[in-house]
Amino acid sequence: MTAIAIHPISGALGAEISGVDLSRELSNGEFDAVHQAFLDHQVIFFRDQHLSHDQHKAFARRFGTLNIHPYVKGMDAHPEIMQIIKEPDDRVNFGGGWHSDMSFLEEPALGSLLYAKQVPPYGGDTLWANQYLAYETLSDGMKEMLGRLKAVHTAKGEYSERGHSAQKRGAMDVKTAGDDVPSYEQPVVRTHPETGRKALYVNPAFTEKFVGMTRRESLPLLNYLFDHCTQEGFTCRFRWSVNTLAFWDNRCTQHFALNDYHGHRRHMERVTVNGDKPF
Ligand code: SIN
């Protein structure tokens with residue numbers, strides 16, 4: 001058996017893992033090594049994996065129960081698998097803005113496992129940003145103030161008729177959110193339930209305002225935080241190849257799918273692991 005090896009891809013976060021075949025059931029030792037790499041690096045990548053839909057889901061299930069997306073229709077035979085496809089004629093991609101997956105749920109996603117089926121000849125990279133670093137680099141005064149605040153998260157903006165996520169794409173079936181879309185309050189600084197580290201937890205896609213304030217009052221500070229938390233020094237950028245699986249931790253990262261490959265097809269499949277209520 002090849003030994004598991006970990007190769008960081010930037011100074012901020014992200015590592016490629018080699019020596020693991022995810023189509024098999026991992027031994028407890030292998031699972032512990034992968035789990036630790038996930039906690040240490042926040043997003044991990046496995047190239048050259050040959051996964052059936054069941055194998056993709058089985059690996060994800062080792063980390064928790066699987067989510068069925070409330071707006072994006074999954075595959076008929078595998079409702080937990082979302083196909084994220086940009087056809088050559090589509091202009092809008094999915095995930096093309098900084099966000100943490102499903103922060104609009106009361107119990108947002110723990111992690112997402114994205115598997116590359118078809119990649120464009122250039123472009124289509126994904127960026128991630130380390131939200132522990134985003135928190136740790138704030139001043140003590142700002143940390144203290146944000147530590148007392150909660151923010152309202154909702155899918156209202158993104159999945160409303162004019163929202164980016166709800167835009168029509170040739171091969172994706174995305175439902176438009178109605179007026180009854182719920183909102184949930186989440187701490188602005190969350191504590192990671194496994195590492196105990198604090199991370200900034202606001203994102204431009206789903207964070208509407210601070211609790212107890214109007215959106216207008218909230219925006220100057222929110223916009224400052226959105227800029228701060230995605231600055232270059234906190235990021236990594238990943239160039240996809242077919243059959244790569246990425247697994248990221250939504251509790252301490254945000255990500256952004258670049259839309260720079262018009263005229264080419266990109267096809268990914270995502271399984272999302274449910275998380276718990278942030279604290
Ligand atoms: C997503 O936001 O889940 C999609 C990321 C990507 O397609 O790179």
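Start by selecting the shell around the ligand: by class, this shell has four nonpolar, four polar and two charged residues. Here Ala, Val, Leu, Ile, Met, Phe, Trp, Tyr, Cys and Pro count as nonpolar, Asp, Glu, Lys and Arg as charged, and the others, Gly among them, as polar. You are looking at a predicted model, in which local features need pLDDT of at least 70, side-chain atom pairs count only at pLDDT 80 or more, and totals for chains, interfaces and linings use all residues. Residues are numbered from 1 along each chain as its sequence is written, and side-chain values use heavy atoms, with hydrogens and water left out.

To show the shell, pick I84, G95, H99, L114, T126, W248, H255, A257, R266 and R270; each has a heavy atom within 4 Å of the ligand.

Next, zoom in on the polar contacts (pairs of N or O atoms within 3.5 Å). Select R266, where a polar side-chain atom lies 2.8 Å from a ligand oxygen. Then click H99, with a side-chain N or O atom 3.0 Å from an oxygen of the ligand. The side chain of H255 likewise places an N or O atom 3.0 Å from a ligand oxygen. Now try a surface view: on its own the ligand has 260 Å² of accessible area (Shrake-Rupley method, 1.4 Å probe), and the protein covers 100% of this area.

Finally, zoom out and colour the protein chain by its six helices and 15 strands, which are DSSP runs (helices H or I, at least four residues; strands E, at least two) numbered from the N terminus.

Terms used: Polar contact = N/O pair within 3.5 Å; in protein donor to acceptor, adjacent residues only side chain to side chain.
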